[in-house]
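Hi,

Here is the structure I said I'd pass on.

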Amino acid sequence: MTEDVLVRVNNLVKHFPVPGKRKSVVHAVDDVSFAIRKGEILGLVGESGCGKSTIAKSIVRMHKPTSGSIFMGSRDITGLSEKDLKPYRKRMQMVFQDPYSSLNPRMTVLKLVAEPLIAQGIVSKARQAKDTIVDMLNNVGLSAEHCSRYPHEFSGGQRQRICLARALILEPEFIILDEPISALDVSIQAQVINLLQEFKQKRSLTYLFIAHDLSMVRYVSDHVGVMYLGKMMEYCDSEQIYNRPLHPYTQGLLAAVPVPDPVSAISKNTTAIEGDLPSPISPPEGCRFHTRCSECMNICREEEPKLRDVGGGHMVACHLMD
Ligand code: SF4
């Protein structure tokens with residue numbers, strides 16, 4: 001294993017049972033592998049239901065993987081007991097999409113930010129950590145006077161800052177950002193992105209940044225992985241994904257990114273993806289994207305394309321590359 005890899009996901013599979021149907025499963029994630037180096041930001045992109053959040057929750061063990069393995073550093077943490085996993089939970093934290101539903105409305109900001117410290121046994125009462133918490137609130141652009149307030153007293157952007165303070169208070173190395181700005185006003189999104197970048201620099205953090213469109217991860221990610229229906233379709237450094245997208249699905253996602261200039265928008269010679277995402281209970285045979293792909297060939301309906309390196313670490317799962 002490469003020494004500077006912080007998180008490695010190997011052949012991860014996560015299937016969920018379908019209630020009332022004993023033989024059916026939801027294929028949320030099927031055989032996905034990637035590695036995130038220390039200090040890197042990996043952007044994971046795809047439509048809702050493609051398995052991005054399931055991967056995130058499997059890494060922090062909110063879901064138990066069906067098969068495959070997850071490494072933190074050189075340690076396989078997939079099968080660890082809750083007790084053995086506790087020190088690793090301190091090293092990795094997660095920020096969710098909706099800052100309102102991730103904060104208990106009955107708790108003050110002081111108690112909310114103290115919760116991870118109490119869960120890790122670092123303090124037993126929130127007030128014991130008040131100085132540390134005030135410091136952290138200052139770091140995320142809030143102040144001591146916010147300690148006694150409740151989540152409903154804040155704007156969406158401020159609530160996401162509270163979530164960030166909660167994630168950072170344990171001084172983790174790795175943070176999963178699950179669509180952290182999707183629920184925020186456009187004017188606030190840039191502020192939160194800047195704050196995330198600032199913390200990454202100051203604290204040498206590593207991020208897994210999940211988003212549903214490529215425009216969101218363009219300016220922050222070192223590498224980008226594009227997922228479709230539980231599978232990784234394309235993976236490479238972010239320059240390549242924008243300048244030389246090879247998978248028809250990635251090309252479709254890029255075509256869907258709004259262009260601010262109407263003239264260039266009209267001249268943009270790309271086709272957006274049509275149709276709906278097939279059911280993950282019975283994903284299409286062969287290439288999972290074949291039912292929506294404008295370049296579908298006979299082989300695509302029969303044989304699943306393997307994700308392979310087509311040069312310079314640019315990984316693509318498409319028969320057009322054969
Ligand atoms: Fe399209 Fe075939 Fe490539 Fe799948 S394998 S993306 S169906 S061309």
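First, some terms: two strands pair if DSSP finds at least two bridges between them, and strands are DSSP runs (E, at least two residues) numbered from the N terminus. This is a predicted model, with local features needing pLDDT of at least 70 and side-chain atom pairs pLDDT 80 or more, while totals for chains, interfaces and linings use all residues. Residues count from 1 along each chain as its sequence is written, and side-chain values use heavy atoms, without hydrogens and water.

Now to β9 (residues 223–228). It pairs with β10 (residues 231–237) in the antiparallel sense over six bridges, and V226 stands opposite E234 there. The two make a hairpin with two residues between them, and L229 in the turn has a positive phi of about 50 degrees. β3 (residues 41–45) runs parallel to β9, joined by four bridges, with G43 opposite V224.

In a regular strand the side chains alternate between the two faces of the sheet. Both faces of β9 are covered: H223, G225 and M227 are buried on one side, V224, V226 and Y228 on the other. Buried here means under 20% relative accessible area (1.4 Å probe, protein chains only).

H314 counts as buried because its relative accessibility is 0%.

Cheers

Terms used:
Buried < 20%, exposed > 50% of the residue type's maximum accessible area, 1.4 Å probe, protein only.
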